Amino acid sequence: VAGLWIDSHARIGRGHRRLSIIDLTEAARQPMANEDKTPWVAFNGEIYNHADIRRELEALGGHCWRTDHSDTEVILHAFETWGIDCVAKFRGMFAIALWDVRRQELWLIRDRIGVKPLYYSVHHGRLVFASEIKALLRHPEAVRAANTEALHNYLTFQFVLGDATLFRGVRKVLPGHYQ
């Protein structure tokens, strides 16, 4: 299932191709927004404790739910309630992109272990992100060249250090980090 959202005022867009596992309904389609369309989320992975977080949010009140068990929707309402600190409540494997319309802020968030990848590049004043490097390299302005320092590190340590990747200009969000 594929979805697309574009905010022409903020000059931001987001596309998402989804493998539906937890909630198979159209209401759980991504990119997803809350009822007033202020936060938007695209999410890869699973929040294992989403039902517990949902019960906590329902007890607090003030949220309009469109689904009955979507972990994606829980992310949105948790962000509305606790801001970026909501990430500390999530248990699971995930890569999340959250756009806060009111603050004009984009958050890229990765699970603690780094199970779900999240890559980004910045070129010509644009931030592009994806869960696979090959998606970033399809951008017409992407640099398609090797990162020789990262290659050296890989050949030396059998690991690419820090947020580098084997591709020049492509970075990864580190496990357990957001930016």
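Contact here means heavy atoms within 4.5 Å, and helices (H or I, at least four residues) and strands (E, at least two) are DSSP runs numbered from the N terminus. Hi everyone, two quick housekeeping points before the tour. This is a predicted model, where local features need pLDDT of at least 70 and side-chain atom pairs count only at pLDDT 80 or more, while totals for chains, interfaces and linings use all residues. Residues are numbered from 1 along each chain as its sequence is written, and side-chain values use heavy atoms, with hydrogens and water left out.

Let's start with helix α1, residues 50-60. Which of its residues are buried? They are His50, Ile53, Arg54 and Leu57, where buried means under 20% relative accessible area, exposed over 50%, and partly exposed in between, with a 1.4 Å probe and protein chains only. Looking down the axis of α1, these buried residues fall within an arc of 100°, so they line one face of the helix; the arc is that of the directions from the helix axis to the C-beta atoms. Their packing partners are β4 (39-47) and α2 (71-82). After α1 comes Gly61, with a positive phi near 80°.

Now, salt bridges: a side-chain nitrogen of Lys or Arg within 4 Å of a carboxyl oxygen of Asp or Glu. By this rule the count is eight. Arg54 is buried at 10% relative accessible area, whereas Glu58 is partly exposed at 40%.

Another salt bridge joins Asp36 and Arg102, with closest N and O atoms 2.9 Å apart. Asp36 lies in the loop between β3 (32-33) and β4, and Arg102 in the loop between β5 (92-100) and β6 (105-110), so the pair ties together parts that are 66 residues apart in sequence. Asp36 is partly exposed at 38% relative accessibility, and Arg102 is exposed at 62%.

There is also Glu132 with Lys134, at 3.7 Å between the closest N and O atoms. Glu132 is partly exposed at 40% and Lys134 is exposed at 58%.

Last stop, a pocket. How many residues line the second largest pocket? There are 14, of which Arg110, Tyr119, Phe159, Ala164 and Lys172 lie nearest its centre. Thanks, everyone!

Technical notes:
1 Å grid on protein atoms, 1.4 Å probe; cavity = no way out; pocket = protein on both sides within 12 Å on 5 of 7 lines; lining within 4 Å.
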